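Me: Hi, could you walk me through this one? I'd like to start with the rings and then get to the metal.

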Amino acid sequence: MSQHFDLLVINAKIVTASDKFQADIGVIDGKIAALGKNLGTATQIVDASGLLALPGGVDAHCHLDQPQDFGLRMADDFLSGSRSAACGGTTTIIPFAAQIKGQSLQAAVTDYHQRAQDKSCIDYAFHMIVSDPTPEVLKTELPRLIREGYTSFKVYMTYDDLKLNDRQILDVLDVARQEGALVMVHAENSDCIGWLTDRLVSEGKTTPQYHGVSRPQAVEREATHRAITFSELVDVPILIVHVSGREAIEQIRWAHGRGQRIYAETCPQYLYLTEDDLGHGDYDGAKCICSPPPRDRANQQVVWDGLQHNVFAVFSSDHAPFGYDDPHGKKLRGVEQKFHHIPNGIPGLETRLPLLFSGGVKEGRISIHQFVAVTSTQPAKLYGLYPRKGSLMVGSDADIALWDPDREVTIHNQMLHHNVDYTPYEGQTVTGWPVMTFSRGRLVAKNFEFLGQAGTGEFMSCGKPMLL
Ligand code: URP
Ligand code: ZN
Ligand code: ZN
C-alpha cells in the first residue's frame, strides 16, 4: 500500500551495527515509518545515491556550559555545542549536570535544564556528576532521579572540587546496583598526581608539557584497577571513561577475562594526539591539555587494537571547550600560567565521527558496523535511549547521517561550528564526512552548513541501561 511521508530518503545504503542493505527510508512525524522500496509519495525527497545512511551519532560524553570556578567559562553553550555536533553527524548528546559540592543533585539537574532548553538543536539527555554524596543524596535524591530518567552518573577519583574518596564511591556504586543505574568513572589517582605535581613545580617544571609528566599511565592504571575492584565488591557494572592507553586497557582486558562487566570508553585524542602535542616548553601545548593526557604513538596503536577487538563499548568526544586565546579559558592567567592551573579539556564534538571513520573504517582497522556500534548503537543502549536512538529501524527517531565515504576534508577550525578558537586537529586530512544530518526528520546540517534551529532539540529521560 502506497503511503505519503513527510520525508523520503531514497537510494540509501543503510548501515547499522549489524547490517548493510539498500532501502528507502520513509519518515512521518520525525520517526522512521517504513524501510523498503517504492514506499510512496513524500513532501520532501532526498536522493542519497552514493551515500551511506548511518544512525546519527550519540556523543555520550561532552561538557557544555558547565559552571566553572575562578573566572573560567566554557566556550560552548547548548546552542553552539549542539550545532557543532549536528554538523559532525551527531544527533544526540549526553552532557553532564554537575553537582557542585554543597548543592543538591536536583538543583544541579534543574540548572542544566535551564541551560539546555531553547538552545539545543538536537536531542539531549543528562548524566549527573555526583560530587557530594550526602546521606540525603544517597538515600533520597539519587534513587528518585534515577527513577525519573537520569540513569547514569559520573564519579571522579581526581580533581579537588569533584573527587570522591573510596568509601564514597562504594556508597554511590551501591545505589547504582540497587536502582539499576550505570556509573561512569574518571580513573586517575589524585594523591599521586598531587605529589608528582608538587615535585615538578618545586623543580620549576611548570610549562604545559609537564601536564603529561604529572599524570603518567601508572596513575590511570592504579585507579582503573581500583575502580574494577569496587565494581567487583559491590557487584555492579561500571564504565571507565576516556581510557588513554596500554596500561588501563590491560586492566580492563584483565577484568573482561575474569568475566566482569566493565565497559570502557575512549576518545579521538587518544588516537590522534601524543604527548608531543603538549609542547616542549611553549604555551601552545595548553591547547591539548586534557586528562588523562595523550600518550605516545605505541599507545595510540594499543587504543586502535582495543577498538578493533571490541574492548571499548563507547567512543565519545569528551568535548570540554575552553578557548585558547581567551582570558576565561586556557589563558586565564596569561601564558605564564602553570600547567596544573590550566583548564583541562579539548574540543571535539564535530570531529569525533570523521576522525574515527577515516582512521578506523577507511584505513581498515575497524568495520563500519563496529563504527556504528561504538559511536551510536552501544552508547544508546548503555544509557537507556535504545531503540529510540542508535539505529535505523521502523519506530526509531529519524536521526540520520548521510555520509559521503570518499569525501576528503582537511580540518580547519574556521569550518567548524563550535565556539572554540582552535581545534587540536588543525590540518588533519580525513576521508569520509557526514554531508547531511537529520534530527527527527529535520535537516539540521548540509555540506558544512548549519540549518537547524535553537531549541528544537528535546530532552529525553533515559531508561535503565541495556547491558551489552
Ligand atoms: O580533560 C578533560 N577530560 N576534561 C573534561 C573533564 C573530564 O574529566 O572528563
Ligand atoms: Zn573525566
Ligand atoms: Zn569529560
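Me: Which residues do ring pairs link into a cluster?

Reply: The cluster joined by ring pairs holds Phe78, Tyr112, Tyr124, Phe126, Tyr150 and Phe459. Rings of Phe, Tyr and Trp (its six-membered ring) pair if their centres lie within 6.5 Å; planes under 30 degrees apart count as stacked, over 60 as edge-to-face and the rest as tilted. One caveat: this is a predicted model, where local features need pLDDT of at least 70, side-chain atom pairs count only at pLDDT 80 or more, and totals for chains, interfaces and linings use all residues. Residues are numbered from 1 along each chain as its sequence is written, chains are lettered from A and ligands numbered from 1 in the order in which they are written, and side-chain values use heavy atoms, with hydrogens and water left out.

Me: Thanks! How many aromatic pairs does the structure hold?

Reply: There are 16 aromatic pairs. One of them is Tyr112 with Phe126, edge-to-face at 6.1 Å centre to centre, with 70 degrees between the planes.

Me: And which parts does that pair tie together?

Reply: Tyr112 is in helix α2 (residues 105-116) and Phe126 is in the loop between β8 (123-124) and β9 (127-129), so the pair ties together parts 14 residues apart in sequence. Helices (H or I, at least four residues) and strands (E, at least two) are DSSP runs, numbered from the N terminus.

Me: Is Tyr112 buried or exposed?

Reply: Tyr112 is buried, at 0% relative accessible area, and Phe126 is buried at 0% as well. Buried means under 20% relative accessible area, exposed over 50%, partly exposed in between (1.4 Å probe, protein chains only).

Me: What about Phe371 and Trp403?

Reply: Their ring centres are 5.6 Å apart and their planes at 85 degrees, so that pair is edge-to-face. Phe371 sits in helix α12 (residues 368-382) and Trp403 in strand β15 (residues 400-410), 32 residues apart. Both Phe371 and Trp403 are buried.

Me: Switching to the metal: what coordinates the zinc ion (ligand 2)?

Reply: Lys154 (NZ), His186 (ND1) and His242 (NE2) do, at 2.1 Å. Donors are N, O and S atoms within 2.8 Å of the metal (3.2 Å for Na, K and Ca); water is not among the atoms, so sites may look incomplete.

Me: What spacing do those donors follow along the chain?

Reply: The spacing is K-x31-H-x55-H. Lys154 is in strand β10 (residues 152-156) and His186 in strand β11 (residues 182-186), 32 residues apart. Lys154 is buried at 1% relative accessibility, and His186 is buried at 1% too.

Me: How far apart are the zinc ion (ligand 2) and the zinc ion (ligand 3)?

Reply: Those two ions are 4.0 Å apart.
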